[in-house]
Amino acid sequence: MDNDLKQSFEIVITRVFDTPRELVFKAWTEIGHFAKWWGPKGFTLEVVKMDARSGGEFLGFQTSPDGNHVMWGKFAYQEVVEPEKVAFIQSFSDEQGNTIRAPFSANWPLEVMNIITLEDDEGKTVLKLKGGPVNASAEEQEAYNGMAPMLQQGLEGTFDQLADYLVSLK
């Protein structure tokens, strides 16, 4: 990982899944799994590209339940270590994968680092997510800090969907 990136971790979430970590890792790195659970509740995810390896990229778009809102996003995978780590820089994007401002805030950070670690605990998986802005201006950091509680709640909801998806595989 590039240690020159200026980053701070604002969000930390820990979840335990009653699933082997190899399967949780696949849910994060394989298109057939990821598209079924990632994103806000009720949104659908269409994956255009997913190359979940160090140096790889993800590009996709989410559509709101009413079909009126479409948001493109991308990941730049920084470090992918099977079955224990997935680290990526997340950004809003256009259809070509160019980084753009968030549709909801002119001051939202252009890049947010997410580091997911997976630990085996007697057949269960302990997932830890640390996330925060990368190279953010003071205004961007302030916008992120102000939205951090809502962002955390949204991620918890996404992890609820992951838990339901993992149960559906049993």
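**Exercises on loops and a recorded domain**

UniProt, in an unreviewed entry, places the feature "domain: Activator of Hsp90 ATPase homologue 1/2-like C-terminal" at residues 18-166. The structure shown here is a predicted model.

**Exercise 1.** Describe what residues 18-166 are made of, and find how far apart the end C-alpha atoms lie.

*Solution.* Begin with the composition, which is 28% helix and 38% strand for this span.

**Exercise 2.** Locate threonine 19 and decide whether it is buried or exposed.

*Solution.* First, threonine 19 sits in the loop that joins strand 1 (11-17) to helix 1 (21-29). Next, its relative accessible area is 5%, and because buried means under 20%, threonine 19 counts as buried. Finally, leaving aside residues up to four places away in sequence, threonine 19 touches Val24, Gly123, Lys124, Thr125, Leu166 and Lys170.

**Exercise 3.** Examine phi and the exposure of glutamate 122 and of asparagine 135.

*Solution.* Glutamate 122, in the loop between strand 7 (112-121) and strand 8 (124-133), has a positive phi of about 55° although it is not a glycine. With 78% relative accessibility, glutamate 122 is exposed, because the cut-off for that word is over 50%. Asparagine 135, in the loop between strand 8 and helix 3 (138-168), likewise has a positive phi, near 50°. Its relative accessible area of 42% falls between the two cut-offs of 20% and 50%, so asparagine 135 is partly exposed.

**Exercise 4.** Identify the form of the peptide bond from glutamate 82 to proline 83.

*Solution.* Omega is near -10° for this bond, which is cis, and proline 83 belongs to the loop between strand 4 (70-81) and strand 5 (85-93).

Note on methods. Residues numbered from 1 in each chain as written. Predicted model: local features only at pLDDT ≥ 70, side-chain atom pairs only at ≥ 80, totals over all residues. Heavy atoms only, no water. Helix = DSSP H or I, 4+ residues; strand = E, 2+ residues; numbered from the N terminus. Buried < 20%, exposed > 50% of the residue type's maximum accessible area, 1.4 Å probe, protein only. Contact = heavy atoms within 4.5 Å. UniProt positions renumbered as here; feature names shortened; annotations may be inferred.
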